[in-house]
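Hi,

Here is the structure I promised to pass on. Have a look at it first, and then read my notes below.

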Amino acid sequence: MICLLGPDFLFGIALGQLSSARRCVKMFENDKALGQPTKFTYRQAFFVNMGGIFLTSPDFPNGFPITGKQLHYLVKHGHVEFPDMESMSIDERNTTDTLSRLLTIWQVTWFSIVEFQRIHIGLPLTTLELTALSFVFVMIGTSICWLRKPSISRPRFIPTKNEKRLEDIRAEARQTTHPDLTDTWYRTPVDFVSERPWMIGKHWAYYTRLAEMLHLKIVSRPITSHPWDRLPSDTFLPLDMFFVPFGAVFLFTFGISFTLAWNFHFPTPTERLLWRIFSLYHIIFVSIGGLYTLMGIIQWAKQDGRQPAAQPQDSYHRLPLRDSSPEVVAQGVDPEVQGVAGIESPSGILRYMHRFRLWIGSWRNITADQDPEFTVQLRIVGPVTVLCASYIIARAYIYAEDLISLRSQPAGVYLTVNRFVPFLGS
């Protein structure tokens with residue numbers, strides 16, 4: 001379903017996972033005191049970040065998934081032994097998956113060669129073929145990001161040292177590394193070690209949650225267990241500046257790809273005009289999205305996102321919820337809902353204004369567990385929503401035109417080329 005929104009979304013998810021794996025590998029490489037028996041590889045980092053390792057303890061016997069950053073913290077502070085990654089047979093699990101990826105890449109590569117041969121000899125293309133080529137290009141980038149990503153058939157379990165309880169681990173963290181750690185946790189008991197979410201990830205989580213509330217199955221099924229029993233594979237993880245040039249090449253090439261049909265044959269002038277409008281908007285959206293992503297990367301780096309995630313600030317706790325009363329809100333209101341909240345006994349129109357502002361404020365955080373780290377700013381979400389909704393409309397038209405334009409095409413579209421030895425004649 002994510003691919004229908006656009007392969008650029010899936011590429012962004014894959015690039016974020018590659019960035020997270022890179023940070024994990026460098027974290028283990030730079031910490032020589034861990035004494036790991038072998039080098040921590042990208043494949044192992046992917047495996048851990050996908051939820052391949054579950055942490056068990058006496059108070060959590062069924063365990064829960066941990067990330068590479070959390071594994072590093074637990075090993076560094078003596079809460080678990082460094083796991084024997086070789087015994088987990090990650091490479092063996094990946095054999096079938098690698099073969100299927102290679103076959104897929106071969107198919108799309110051969111399709112691209114045949115289409116370029118058509119262009120070489122002057123045969124026309126349909127918008128459907130152009131859309132397929134743009135998808136193929138981005139899919140190649142996604143495959144590169146996932147080149148060392150294994151598949152998981154079942155998780156591996158590692159216990160805490162000396163049957164240490166998670167409650168004790170959190171208490172020790174409160175005394176040493178995380179003095180502001182509260183008793184509340186949202187995803188897993190060790191989520192205080194998670195990477196700080198960045199604004200792109202927050203917005204993506206906001207929209208996926210909104211889709212879930214509207215019963216739209218755009219992403220994977222929601223996680224309802226507490227603690228989490230898996231790590232979602234469709235989240236936007238923070239990107240490293242190191243991968244910005246790589247991502248820019250694929251995204252901006254994909255962004256301008258639909259303008260290549262500027263002078264294609266269309267059944268009617270209106271359809272050609274609409275295609276040109278939406279293809280131009282496609283460039284605008286990708287450009288704005290690229291700049292916004294770059295801003296998010298810089299902001300995340302400035303906030304020292306590689307350090308243990310800070311606990312929610314007081315401003316998050318002051319966020320008014322749907323059941324907040326005027327007395328509670330008056331104790332400390334977020335700036336977006338501040339104003340009439342200080343009135344002790346609002347009446348008449350002021351009361352309705354107050355309730356309306358509380359209702360608006362409640363939409364800043366719509367996560368099921370009200371995780372304060374995923375609170376968003378409505379003044380930013382509003383314009384972003386308009387841009388994204390327009391993008392969905394543009395993509396819907398492109399998909400529709402790909403099909404309805406087939407009703408009237410030039411004769412050259414139906415001519416075939418040499419599919420066995422391309423560029424050697426028909």
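A residue is called buried when its relative accessible area is under 20%, exposed when it is over 50%, and partly exposed in between (1.4 Å probe, protein chains only). Before we use that, note that this is a predicted model, where local features need pLDDT of at least 70, side-chain atom pairs count only at pLDDT 80 or more, and totals for chains, interfaces and linings use all residues. Residues are numbered from 1 along each chain as its sequence is written, and side-chain values use heavy atoms, with hydrogens and water left out.

Now the overall picture. The chain has 15 helices and three strands; these are DSSP runs numbered from the N terminus, with helices being H or I of at least four residues and strands E of at least two. Of its 426 residues, 44% are buried. Counting contacts (heavy atoms within 4.5 Å) between residues at least 6 apart in sequence, 77% join residues at least 24 apart.

Let's compare two residues. L403 sits in helix 15 (residues 378-404) and has a relative accessible area of 56%, so it is exposed. T188 lies in the loop between helix 8 (166-175) and helix 9, and it counts as buried because its relative accessibility is 3%. What is T188 in contact with, leaving aside its neighbours within four places in sequence? The residues are F64, P65, Q70, P227 and W228.

Next, the empty space. Rolling a probe the size of a water molecule over the atoms shows where empty space is left. The search uses a 1 Å grid over the protein atoms alone: a cavity is a set of points where a 1.4 Å probe fits but cannot get out, a pocket is an open set with protein on both sides within 12 Å along at least five of seven lines, and lining residues have an atom within 4 Å of a point. Grid points are joined across faces, edges and corners, and a volume is the space filled by probe spheres set on the points.

How many cavities of 30 Å³ or more turn up in the whole structure? The search finds one. The largest cavity holds about 30 Å³ of space, and its lining is made of K202, A205, Y206, R209, I366, T367 and F374.

The second largest pocket has about 1,300 Å³ of space. It is lined by 49 residues, and F9, W204, F236, F285 and C388 are the closest to its centre. Among the elements that give two or more residues to this lining are helix 2 (7-30), helix 11 (269-302) and helix 15.

Cheers
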